[in-house]
Amino acid sequence: MGTVLALVAGLGLFLYGMKLMSEGLEKVAGARLRTILEMCTRNRFVGMLVGILFTAVVQSSSATTVLVVSFVNAGLLNLMQAAGVILGANIGTTVTAQLMTINLSAAAPVFILVGVIMVMFFKKPLIKRIGEVILGFGILFFGMSYMSDGMATLKESPKVVEQLSSLSNPFFAVLMGFLITAIIQSSSATVGIVLVMASQGLIALEMCFYIILGCNMGSCVSALLASIGSKKTAKRAAWVHFIVNIIGTVVIFVFLWFFMDGTRNFVEKISVGSNETETIKRCVANAHLLFKLVQVAVCFPLTKWIVKLAELIVPGKDKKTASIELEYIGEHSVFSTTGAVPNAINEIVRMGEMAFRNLHHALQCFEKQNTDELEKVYETERAINHLNKAITRYLVQANQLSLPVSDRMLLGSLFHVVNDIERIGDHAENVADFTRQCKDDGLSFSQTALAEIQEMGTTVEKLLNYSIEMFEKKTKEHLDEILTMEDRIDEMERKFQHNHVLRLTENICDPETGMIFSDLLSNLERVADHGTNIAFAILEKNPEGKEE
């Protein structure tokens with residue numbers, strides 16, 4: 001009983017340490033690596049290198065593939081680009097196993113102590129996150145040591161040794177690897193468990209090879225589950241991952257079936273350690289790396305065909321998302337902590353473009369005094385209000401998650417941007433109300449007044465388009481133009497209000513019409529202020545509070 005508890009405790013510490021380390025690395029480097037992922041995936045080979053880098057850093061191929069599926073769902077990557085990153089992730093995930101071959105059990109308590117000190121006694125978020133990585137690293141190796149001790153005790157039980165050593169069916173070994181990985185959602189963890197068991201002589205090296213093949217397929221479960229309910233392109237990306245691993249598993253399985261002795265001899269030659277235990281650990285880790293390299297070498301030339309097969313498995317096109325429904329977050333989204341903020345930004349941009357079109361439509365109705373189209377303005381405004389609540393709710397939930405440090409700093413700005421867009425929608429509704437009032441009361445405007453409204457409205461719309469582009473692309477390209485236009489719009493309001501007073505004194509306009517004209521100018525000026533706020537949201541602050 002004590003041995004079982006020791007094994008369970010060791011496994012629990014091992015899994016928790018891996019999770020803590022992976023999430024900590026994702027918080028520290030996830031946002032910057034995500035930027036690299038967005039920028040450097042136009043070429044399949046470069047995408048594969050980025051996939052290797054990302055997965056090697058965050059120590060989780062599942063995290064990488066879920067992020068890729070998330071990006072495909074958001075339209076940031078196409079399937080060919082995603083395939084390159086997925087192939088890279090398959091190689092990057094082997095880094096964890098290579099780390100496990102290093103005997104750091106004696107140093108694990110030191111890592112734990114340093115990590116705890118950094119997490120508990122430092123206030124800077126970045127230092128805390130690095131502390132989580134170090135703490136997770138220490139807990140991982142402490143758990144491995146505990147598991148190893150527990151399995152050493154199991155080795156003394158003839159029944160256990162007999163049962164495990166009787167494992168000789170390759171198909172059963174593959175199935176076992178698949179099931180364990182599917183359950184614990186980490187191929188690296190499964191390889192770690194196999195590595196420890198093999199080092200204690202509980203499982204033959206040949207069976208370890210087959211269990212590793214099962215891990216390949218089991219690692220696809222996370223992405224397949226994440227793609228449920230998402231867009232078809234995201235589902236196809238998850239299937240690309242699964243197909244790649246199926247092809248790799250089948251090819252290597254057939255090869256092992258005929259050339260197991262040769263494969264074992266080769267792996268043993270390249271895995272010499274200081275003692276027998278270390279050698280076996282390196283054999284498992286190197287076999288894992290070797291299989292992944294072969295898999296990528298086989299699948300890379302077949303990428304186009306793999307993508308086409310995924311498109312055959314998931315045929316058709318997505319239904320057009322209704323304006324009142326969320327497109328990038330919520331039911332149709334693929335969630336990952338690293339992709340949460342980019343997807344929220346995509347949804348906010350969509351909401352902003354909807355509000356801007358609605359303002360344009362409302363201004364056109366006003367200029368033409370067309371009340372027949374006003375119901376569309378009101379309907380769109382109701383959709384904007386719904387999106388405002390849904391996105392805000394999502395941001396509140398995201399704020400409670402373990403997001404990358406820079407993403408957490410962005411959340412406050414996103415709340416303000418959503419509010420600014422909602423206010424622009426309200427002003428579009430006000431313009432529609434002015435149109436209806438003019439039509440009901442039989443009011444009309446002079447050509448001069450209409451020309452002034454059109455000039456100011458055109459400038460405001462141009463400012464809004466620049467603002468949303470700055471927000472979406474995080475570029476300062478149009479910042480000076482926006483500031484210039486904002487000043488110009490303020491000047492327009494003062495000038496046109498003055499002109500309006502002159503027309504009133506000359507009886508060119510009646511007071512009731514004049515009030516609507518004045519209110520409309522004020523609304524447009526406020527819209528410009530909200531647009532400027534949106535543009536300035538990209539001026540992020542770093543942890544020291546300085547603008548970047």
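1. Let's start with Val254. In this predicted model, Val254 sits in helix H13.

2. Together with Phe171, Val250, Phe255, Trp257, Phe258 and Phe259, Val254 makes a nonpolar surface patch of about 790 Å². Which helix gives the most to this patch? That would be H13 (residues 232-269), with six residues.

3. Now look for a patch of another kind. Asp440, Asp441, Asp510 and Glu512 gather on the surface as a patch of negative charge. Asp440 counts as exposed because its relative accessibility is 60%, while Asp441, with 41%, is partly exposed. While you're at Asp441, find Thr513: the two are 72 residues apart in sequence, yet their C-alpha atoms are 9.7 Å apart in space.

4. Next, go inside. The largest nonpolar core has 70 residues, and Phe366, Ile391 and Phe471 have the most contacts inside it. H16 gives the most, with 15 residues.

5. On to charge pairs. Side chains of opposite charge can pair when their charged atoms come close. How many salt bridges does a search of the whole structure find? It finds 10. One network of salt bridges links Glu206, Arg264 and Glu268.

6. In the first, Glu132 and Arg129 form a salt bridge, with their closest N and O atoms 3.4 Å apart. Why are they about one helical turn apart? Because they are three residues apart in helix H7 (residues 125-154). Glu132 is buried at 13% relative accessibility, and Arg129 is buried at 16%.

7. The second pair is Asp426 and Arg423, whose side chains meet at 2.7 Å, N to O. They too are three residues apart, this time in H18, so about one helical turn separates them. Asp426 is buried at 16%, but Arg423 is partly exposed at 31%.

8. One more bridge to find: Glu373 with Lys376, the closest N and O atoms being 3.3 Å apart. Glu373 has 26% relative accessibility, so it counts as partly exposed.

Definitions and conventions. Residues numbered from 1 in each chain as written. Predicted model: local features only at pLDDT ≥ 70, side-chain atom pairs only at ≥ 80, totals over all residues. Heavy atoms only, no water. Patch = residues over 30% accessible without salt bridge, like charges linked within 9 Å, V, L, I, M, F, W, Y side chains within 5 Å. Areas by Shrake-Rupley, 256 points an atom, 1.4 Å probe, with all protein chains shown as cover. Salt bridge = Lys/Arg side-chain N within 4 Å of Asp/Glu carboxyl O. Lys, Arg positive; Asp, Glu negative; His and termini not counted. Charge placed at Lys NZ, Arg CZ, Asp CG, Glu CD. Buried < 20%, exposed > 50% of the residue type's maximum accessible area, 1.4 Å probe, protein only. Core = buried A, V, L, I, M, F, W, Y, C linked by side-chain atoms within 4.5 Å. Helix = DSSP H or I, 4+ residues; strand = E, 2+ residues; numbered from the N terminus.
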